[in-house]
Amino acid sequence: MSTISRISRPHREPITDVDSVEAVDGALRADGPGRYHVDEISADPLLSGDTRRRWGTAIKRPDGAVTSDPDPWPDQA
């Protein structure tokens with residue numbers, strides 16, 4: 001299954017799409033501090049029929065450091 005990661009902020013347009021969750025940190029270099037949503041976008045529909053699911057969040061601190069925090073999905077436990 002082919003997926004990309006979409007980075008966005010609440011109530012704003014998506015910031016960018018990246019090839020993998022590992023690329024989120026680099027994609028946020030030019031953006032300001034704050035909390036970002038990270039969604040997985042799949043080419044194939046999930047069981048729900050949707051092609052998107054929330055992966056988790058990324059937080060960029062004022063010093064530029066980024067912390068990624070995945071949601072605890074059952075298949076990741």
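Leaving aside its neighbours within four places in sequence, with which residues is Asp17 in contact? The legends below begin with that residue.

This is a predicted model, in which local features need pLDDT of at least 70 and side-chain atom pairs count only at pLDDT 80 or more, while totals for chains, interfaces and linings use all residues. Residues are numbered from 1 along each chain as its sequence is written, and side-chain values use heavy atoms, with hydrogens and water left out.

View A. Strands (E, at least two residues) are DSSP runs, numbered from the N terminus. Beyond those sequence neighbours, Asp17 is in contact (heavy atoms within 4.5 Å) with Ile4, Ser5 and Arg6. The side chains of Asp17 and Arg6 are joined by a polar contact of 2.7 Å; such a contact is a pair of N or O atoms within 3.5 Å, one able to donate a hydrogen and the other to accept it, and residues adjacent in sequence count only if both atoms are side-chain atoms.

**View C. Strand 1 (residues 3-8) beside strand 3.** Six bridges join these antiparallel strands. Ser8 has His37 as its bridge partner in strand 3.

Terms used: Pairing = 2+ DSSP bridges. Helix = DSSP H or I, 4+ residues; strand = E, 2+ residues; numbered from the N terminus.
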